[in-house]
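Colleague: Could you take me closely through one part of this model, beginning with the backbone just beyond a helix, and then follow the packing outward from there?

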Amino acid sequence: MKMMQWGAAALALGLVHFAVPAEAAGGKTLETVKARGVLNCTGHDGSYLGFAEVDDKGNWKGMDIDLCRAVATAVFGDPAKLKIVPISWAQRWPSLQSGDIDIVIKASGGTLSRDTELGLQFSMSYYLGTTKVMAHKELNLKSLKDAQGGTICIPAGTTIEQQVAAYSQKIGIKLEPVVIEKTEELEQAYFSGRCDLYAQWGPVLAIARVAKGKVEDHVILPDVIAVEPEVMIVRQGDDNWVDVANWTLSALLFAEQEGITSKNVDEIKAKPTSPAVAKFLGAAPGMGKGLGLPDDWAYNVIKKVGNYSEIFDRDLGKDSPYKMDRDLTNLWNNGGVLFPLVID
């Protein structure tokens, strides 16, 4: 998600040297993942509800986790060939650069410094997120401008610290930040009354309010602190690997656009509705060779993981405990900003 420029600060202090691994420079990530037999993808060091969370049996779920499964399925045809590595926000970049993980799918935004200073490369956006602020309803705040001198809980190691500081300066108020790394501890601080305000990614605030059963006691203020495109992130110098990430996301969106789901994909593969759909599902050749994948990789992704709407509905939307609306993360033809690349 919001990711403060941890790497940039570390570089400035001379604490860390991010050398892009030789593997990345040669564009060998896909080969390395295939040889290992498993994809190493990001989890969270706690619960990031709706995106990365673990049940009491140790099973991972959430939208980011399902996107990890989609990439693993594209490569191996099997979503189980995946290792979820629990890491903090600050650990993302060193873990990626060291090769401990192959791809960051962790509600992480595409920013200039991550591209130009940290040597990272981004997929298309899979979620357009807004940074918002939640307040205790009893404070009777109409907007953040009414919160002069208040305390505000902010997740450590994220860009939200910068966003809150910039927005506060813009509207002419001062706030006292309470910066905490783990989401559970951060939410405990806010809901216990240690903080007047809680700055987070909008979906996280909405989910937290529902999860705590305190929807009526808290208000999400109308201020939009920032807008950030969430992307899948890989090392620079490996165009093939970022292509795999982009086309995996595009497959999820194309399937939704064409009405292809995990339930009807076999029927449509047997009787494709267009030449593009035939290629997409591997009924005609051409979908995989240029990516280093089999021609039926997209079929496997939709069959075993589902299309974008199926993923959203079970992790965040109507089939989840959180009942979130798609809003801007809808497809282009349904009032949103998401779209697939063209299959020709």
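Modeller: Just after helix α9, Gly 213 takes a positive phi of about 65 degrees; helices (H or I, at least four residues) and strands (E, at least two) are DSSP runs numbered from the N terminus. This is a predicted model, in which local features need pLDDT of at least 70 and side-chain atom pairs count only at pLDDT 80 or more, while totals for chains, interfaces and linings use all residues. Residues are numbered from 1 along each chain as its sequence is written, and side-chain values use heavy atoms, with hydrogens and water left out.

Helix α9 itself spans residues 202-211, and seven of its ten residues are buried, so this helix is largely enclosed by the rest of the structure; buried means under 20% relative accessible area, exposed over 50%, and partly exposed in between, with a 1.4 Å probe and protein chains only. The buried residues of α9 are Gly 202, Pro 203, Val 204, Leu 205, Ile 207, Ala 208 and Arg 209. Their cover includes strands β6 (120-136), β9 (197-201) and β10 (218-220) as well as helix α8 (183-191), where contact means heavy atoms within 4.5 Å.

In soluble globular proteins, nonpolar side chains tend to be buried together.

Two packed helices are described by the angle between their axes and the distance between the axes. Helices α10 and α13 (residues 297-304) pack with axes 10 Å apart and at an angle of about 60 degrees, the axes being lines fitted to C-alpha atoms, for helices over the stretch in contact, with angles running from 0 to 180 degrees between N-to-C directions. The two helices α10 and α13 are therefore oblique to each other, since angles under 35 degrees count as roughly parallel, over 145 as roughly antiparallel, 65 to 115 as roughly perpendicular and the rest as oblique. The crossing of α10 past α13 is right-handed, meaning that the near helix is turned clockwise from the far one by less than a right angle. On the α10 side the contact is made by Trp 247, Thr 248, Ala 251, Leu 252 and Ala 255, and on the α13 side by Trp 297, Ala 298, Val 301 and Ile 302. By class, the residues of this contact between α10 and α13 divide into eight nonpolar, one polar and no charged, with Ala, Val, Leu, Ile, Met, Phe, Trp, Tyr, Cys and Pro counted as nonpolar, Asp, Glu, Lys and Arg as charged, and the others, Gly among them, as polar.

Helix α13 also packs against helix α4 (residues 63-76), whose axis comes within 8 Å of that of α13 and crosses it at roughly 140 degrees. That angle makes α4 oblique to α13, and the crossing of α4 and α13 is right-handed. Here Ala 70, Thr 73 and Ala 74 of α4 meet Trp 297, Asn 300, Val 301 and Lys 304 of α13, and the residues of this contact divide into four nonpolar, two polar and one charged.

Trp 60 is found in strand β3 (residues 60-61), and, at 16% relative accessibility, Trp 60 counts as buried. Leaving aside neighbours within four places in sequence, the residues in contact with Trp 60 include Ile 65 and Arg 69, along with Gly 43, His 44 and Pro 86.

Lys 323, in the segment after α14 (308-315), has a positive phi near 55 degrees and counts as exposed at 53% relative accessibility.
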